[in-house]
Each structure stands twice: as structure tokens, then as C-alpha cells.
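Here is a short briefing on one protein chain. Please look over the sequence and the structure before reading on.

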Amino acid sequence: QVQLVESGGGLVQAGGSLRLSCAAPGLTFSRYNMGWFRQAPGKEREFVVAISGSGSVTSYADAVKGRCTISRDNAKNTVYLQMISLKPEDTAVYYCAVITEWSTRRGGYWGQGTQVTVSS
């Protein structure tokens with residue numbers, strides 16, 4: 001059973017920053033590519049960023065390039081998403097996921113999500 005637990009969401013003003021965390025207890029963490037997705041109200045869930053198991057390779061959606069940084073600490077079984085210069089359009093529920101297919105950035109196992117709200 002894969003368990004992913006996100007934290008760090010909240011309400012922030014436009015231009016502010018947040019750091020999301022996703023813990024994966026019990027997982028052989030370094031074996032898994034991990035990613036973040038988000039779903040805004042009334043929209044489909046979309047890919048945000050992915051990181052390889054070693055942390056050496058990353059992939060970002062164009063919408064967040066330059067404003068988001070993904071990182072991981074395999075010793076802590078945790079992946080992070082640092083977001084800066086937040087915009088109201090970044091408002092969404094952010095989900096951590098295991099990337100089951102790198103080429104398509106497909107997520108396979110999901111956390112419960114954490115709400116990020118950016119006020120203008």
C-alpha cells in the first residue's frame with residue numbers, strides 16, 4: 001500500500017511563496033519517480049513537475065518554470081515543492097504522486113491533496 005501525505009498548503013498573497021511537502025512512509029522511496037499535480041476548481045488535474053528517483057532529473061510544466069522547484073530527500077522519504085512568485089491562477093489542490101510512466105508524466109498513486117489559495 002502506497003501512502004502519500006501532503007502538507008504545507010495554505011492561503012498566501014500574490015507574489016508570496018509556499019513550500020509543499022509529501023511524505024511517503026514505508027516506501028522504498030529512491031526507486032520511485034515522484035511528481036506534483038494540481039487541480040483548480042472546475043478544471044482537470046494537470047501535471048506540474050516531476051523528479052527522478054535519484055533527484056538528478058526534473059521536468060516542469062511551462063506554467064510553473066522559473067517559479068517552482070522540486071526536490072527530494074530520499075533519507076526522509078519526502079519530496080518538496082518550493083513555489084515562489086505565486087499567482088492567483090496557481091490556486092488549486094496540489095497532489096503528490098508516484099510517476100508511473102515518465103514519458104507521459106502519468107501519476108499512479110496519489111496523496112489526499114493540499115489546498116493552495118493565492119489571493120490577489
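Predicted model: local features only at pLDDT ≥ 70, side-chain atom pairs only at ≥ 80, totals over all residues.

Residues are numbered from 1 along each chain as its sequence is written, and side-chain values use heavy atoms, with hydrogens and water left out. The chain has 11 strands and 0 helices. Helices (H or I, at least four residues) and strands (E, at least two) are DSSP runs, numbered from the N terminus.

**The whole chain**

- From the N terminus on, the elements read β-β-β-β-β-β-β-β-β-β-β.
- The chain's radius of gyration is 13 Å, close to the 14 Å of the globule rule for 120 residues, so the chain is as compact as a globular protein of that length. The radius is taken over C-alpha atoms, and the rule is 2.2 Å times the number of residues to the power 0.38.
- The C-alpha trace spans about 40 × 25 × 25 Å along its principal axes.
- Of the 120 residues, 44% count as buried. Buried means under 20% relative accessible area, exposed over 50%, and partly exposed in between (1.4 Å probe, protein chains only).
- The accessible surface of the chain is about 6,200 Å². Carbon and sulfur atoms hold 45% of that surface. Such areas come from the Shrake-Rupley method with a 1.4 Å probe; for residues, only the protein chains shown count as cover.
- Take the contacts between residues at least 6 apart in sequence: 56% of them join residues at least 24 apart. Contact means heavy atoms within 4.5 Å.

**An open sheet of 4 strands**

- The strand order in this sheet is S1-S3-S8-S7, and the pairing is antiparallel. Two strands pair if DSSP finds at least two bridges between them.
- Strand S1 (5-7) and strand S7 (68-73) are the edge strands, and each pairs on one side only.
- From one strand to the next, the twist averages 15 degrees. Axes are lines fitted to C-alpha atoms, for helices over the stretch in contact, and angles run from 0 to 180 degrees between N-to-C directions.
- S3 pairs with strand S8 (residues 78-83) over 6 bridges, in the antiparallel sense. Cys 22 stands opposite Val 79 in S8.

- Strand S4 (residues 34-39) and S5 are antiparallel and share 5 bridges. Here Trp 36 stands opposite Val 49 in S5.
- S4 and S5 make a hairpin with 6 residues between them. In its turn, Gly 42 has a positive phi of about 80 degrees.
- Strand S5 (residues 46-51) is mostly covered, with 5 of its 6 residues buried.
- S5 also runs antiparallel to strand S6 (residues 58-60), joined by 3 bridges. Ile 51 has Thr 58 in S6 as its bridge partner.
- The hairpin of S5 and S6 has 6 residues between the strands. Gly 55 takes a positive phi near 90 degrees there.
- In a regular strand the side chains alternate between the two faces of the sheet.

**The cysteines**

- A disulfide is a covalent bond between the sulfur atoms of two cysteines. The cut-off used here is a pair of cysteine sulfur atoms within 2.5 Å.
- The count comes to 1 disulfide. Cys 22 and Cys 96 form it, with their sulfur atoms 2.1 Å apart.
- Cys 22 lies in strand S3 (residues 18-23) and Cys 96 in strand S9 (residues 92-101), so the pair ties together parts that are 74 residues apart in sequence.
- The torsion about their S-S bond is about -75 degrees, so the disulfide is left-handed.
- Cys 22 and Cys 96 are both buried.
- Cys 68 is buried, at a relative accessible area of 7%.

- Ser 52 sits in the loop between S5 and S6. Ser 52 counts as buried because its relative accessibility is 10%.
- Not counting residues up to four places away in sequence, Ser 52 touches Tyr 32, Asn 33, Val 57, Arg 72 and Trp 102.
- Ala 97 is in strand S9. Ala 97 is buried, with a relative accessible area of 0%.
- Leaving aside neighbours within four places in sequence, the contacts of Ala 97 include Leu 4, Met 34, Phe 37 and Trp 110.
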